[in-house]
Amino acid sequence: AVVSTQSTGGAAPEGLYQMPPGAMLYDGAVLHMRTSGGGYLAGPQTVPAKGKETEWEVHNAGFMVFAFKNPTNGQFLTVKGKNIGLGGQDDNANFQVKFNPNGTVSFISAVCDGINLGGADNEMFLEMA
């Protein structure tokens with residue numbers, strides 16, 4: 001049998017049960033965010049493979065609002081101007097979650113209109129670290 005490694009909605013490529021994204025978004029969870037472009041979110045940029053810089057600890061910041069801290073460097077994903085950067089935990093580090101019909105999630109800045117984690121590739125698959 002040929003096993004496809006292409007992403008199929010919320011199915012894990014290795015055929016294992018894929019936890020729904022909502023179940024991974026709890027305070028203290030550590031996860032990786034794989035963008036629709038295939039890279040992993042590492043702050044303002046994406047990188048091709050998972051590593052310490054792509055680990056994000058979930059911080060609940062309100063109803064359906066989250067902040068993400070890198071456990072290694074202590075920096076939060078944040079909005080700087082019109083871009084995503086790294087910084088401290090303040091309102092600019094809060095992102096509202098949107099659950100997309102294809103099993104991905106998008107994280108939209110809670111304070112800056114039109115700014116999303118991942119930029120143009122903002123539909124992301126969550127993977128537990």
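Mentor: Helices, of at least four residues, and strands, of at least two, are DSSP runs numbered from the N terminus. In that numbering, Met19 is placed in the segment before helix 1 (21-24). The model is a predicted one, and a search of the whole structure finds 3 salt bridges.

I begin with Glu127. The side chain of Glu127 meets that of Arg34 in a salt bridge, at 2.9 Å from N to O. Because Arg34 belongs to strand 1 (residues 30-34) and Glu127 to strand 10 (residues 125-128), this pair ties together parts that are 93 residues apart in sequence. Glu127 also forms a salt bridge with Lys50, where the closest N and O atoms are 2.9 Å apart. Lys50 lies in the loop between strand 3 (45-47) and strand 4 (56-60), and Glu127 in strand 10, so the contact joins parts 77 residues apart in sequence.

As to cover, buried means under 20% relative accessible area. Arg34, at 16%, therefore counts as buried, and Glu127 is likewise buried, with a relative accessible area of 16%. Lys50, at 45%, counts as partly exposed.

A further salt bridge is formed by the side chains of Lys52 and Glu55, at 3.9 Å from N to O. Here Lys52 counts as exposed, at 53% relative accessibility, whereas Glu55 is buried, at 16%.

Definitions and conventions:
Residues are numbered from 1 along each chain as its sequence is written. This is a predicted model: local features need pLDDT of at least 70, side-chain atom pairs count only at pLDDT 80 or more; totals for chains, interfaces and linings use all residues. Side-chain values use heavy atoms; hydrogens and water are left out. A salt bridge is a side-chain nitrogen of Lys or Arg within 4 Å of a carboxyl oxygen of Asp or Glu. Buried means under 20% relative accessible area, exposed over 50%, partly exposed in between (1.4 Å probe, protein chains only).
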